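Please read it alongside the sequence and structure.

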Amino acid sequence: MSLRTRTSLRLTAATVGAVLLATGCNAAAKNGDADDEGKGKAFTLVTPDPVAQNEFLKLAVSGVKAAAKAQGGSQKVFQSSDNDSRQQNVASAVDSAPDVIALVGFEFADIVAQQAEAHPEQQFLLVDACTKKSYENVTCAVFREHEAVYLAGAEAGLLTKGKKVGAVDVLDTPQFRRYSEPFAAGAKKVRPGVTSRTLFVGGQSPFNDAARAKDQAATLASGGADQVMAAAAGGNTGVFQAAKNRKGFQAYGVDANQCAGNPGVVVDNVLKKTDVAVEKGIAQILAGKGGTTVSYGLKEGGMSLTGLEPGGADSGCLIAKSANKDVLARVEKLRDAIVAGKLTVDDPAA
């Protein structure tokens with residue numbers, strides 16, 4: 001399940017909503033971006049929120065464009081702003097009957113289940129989630145987030161000066177503990193004696209409570225943690241703000257590169273490559289191998305760290321500093337061991 005940052009999305013949602021209300025028309029028909037309609041295979045991507053500056057959703061857009069290019073076909077992107085527009089956009093996508101409809105996020109699980117039953121001839125690709133029931137026309141792409149989180153934890157273990165690390169996590173559930181428990185495990189793997197503490201946001205707005213996340217990050221820092229996994233979704237901005245306010249406290253982002261927008265405080269990011277999942281998922285369906293669930297981790301290139309990616313030196317992340325060259329080298333060895341099956345990272349959600 002994604003921890004994509006939602007604070008910036010909420011800032012744009014009102015604007016998008018105003019546009020939809022002003023048109024008084026179908027959200028998909030008026031706001032879908034399209035390329036080369038009428039040529040070859042057709043693919044439609046539906047996002048749960050406006051793409052705007054959301055790097056996580058931008059990757060999904062890149063994935064559907066790459067699939068269209070590879071197939072010599074066309075693609076459309078329907079951007080949603082709330083649950084009503086999500087349902088409307090999916091219904092409109094089904095009406096246009098593309099070869100594959102790709103959707104990103106758990107918000108679409110129930111909607112896809114309903115549409116899959118009503119339209120068994122339509123192929124769906126659900127990314128970063130899956131329906132409760134299996135359908136022959138629904139292919140799911142999920143991620144092994146815990147593998148990359150483990151690598152971020154290893155970086156934290158090698159960089160901590162006080163041998164204390166921590167995490168601000170969204171909810172105390174097995175799925176979300178994928179962002180905190182492996183972080184602690186990775187740190188302890190490379191630095192015996194490291195201790196870890198996790199605080200959960202919870203409350204009425206666990207995915208978008210920057211103030212509470214900031215307070216929790218400050219609490220961890222007061223307790224001596226100098227490396228903190230920011231797994232608070234929209235609340236990550238609060239974690240980063242806490243890091244800016246305290247010397248010697250550094251954070252780790254999720255889903256996309258959060259370093260550039262928070263200079264000097266983010267060490268690295270746990271990347272979830274929705275572009276890979278979308279492009280490969282579409283190819284899988286077209287090859288007649290749909291109706292299954294595919295898991296993407298380090299081996300499949302679906303998960304990574306910004307510091308391990310091409311262009312990492314220009315990412316703005318602290319891990320890219322020359323002083324951290326040896327840290328990255330050790331983390332690369334851990335990654336290779338996981339990919340080769342020589343090292344297994346425990347999955348809290350298993």
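A residue counts as buried when its relative accessible area is under 20%, as exposed when over 50%, and as partly exposed in between. By that criterion, 53% of the 350 residues of the chain are buried. The model is predicted.

**Chain overview**
- The chain contains 11 helices and 13 strands.
- Of the contacts between residues at least 6 apart in sequence, 70% join residues at least 24 apart.

**Packing of α3 against α10**
- Helix α3 (residues 55-71) packs on helix α10 (residues 274-286) at an angle of about 35°, and their axes are 6 Å apart.
- The crossing of these two helices, α3 and α10, is right-handed.
- The α3 side of the contact includes Phe-56, Leu-59, Val-64 and Gln-71, while the α10 side includes Asp-275, Val-278, Glu-279, Ile-282 and Leu-286.
- Residues of this contact between α3 and α10 comprise 9 nonpolar, 4 polar and 2 charged.

**Leu-3**
- Leu-3 sits in the segment before α1 (7-23).
- Its relative accessibility is 0%, so Leu-3 counts as buried.
- Leaving aside residues up to four places away in sequence, Leu-3 touches Val-170, Phe-176, Tyr-179, Ala-231, Ala-233, Val-254 and Asp-255.
- Leu-3 and Phe-207 are 204 residues apart in sequence, yet their C-alpha atoms are 8.0 Å apart in space.

**Disulfides**
- A search of the whole structure finds 2 disulfides, and with bonded cysteines counted along the chain their pattern is 1-2, 3-4.
- Cys-130 is in the loop between β5 (124-127) and β6 (138-143), and Cys-140 is in strand β6, 10 residues apart.
- The S-S torsion of Cys-130 and Cys-140 is about 75°, so this disulfide is right-handed.
- Cys-130 is partly exposed because its relative accessibility is 32%, whereas Cys-140, at 2%, is buried.
- Another disulfide joins Cys-259 to Cys-317, with an S to S distance of 2.0 Å.
- Cys-259 lies in the loop between β10 (250-255) and β11 (266-272), and Cys-317 in the loop between β13 (303-305) and α11 (325-339), so the pair ties together parts 58 residues apart in sequence.
- The torsion about the S-S bond of Cys-259 and Cys-317 is about 95°, so that disulfide is right-handed.
- Cys-259 is buried at 1% relative accessible area, and Cys-317 is buried at 5%.

How values were computed:
Residues numbered from 1 in each chain as written. Predicted model: local features only at pLDDT ≥ 70, side-chain atom pairs only at ≥ 80, totals over all residues. Heavy atoms only, no water. Axes fitted to C-alpha atoms, helices over the stretch in contact; angles between N-to-C directions. Helix = DSSP H or I, 4+ residues; strand = E, 2+ residues; numbered from the N terminus. Left-handed = near helix turned anticlockwise from the far one by under 90°. Contact = heavy atoms within 4.5 Å. Nonpolar A, V, L, I, M, F, W, Y, C, P; charged D, E, K, R; others polar. Buried < 20%, exposed > 50% of the residue type's maximum accessible area, 1.4 Å probe, protein only. Disulfide = S-S within 2.5 Å.
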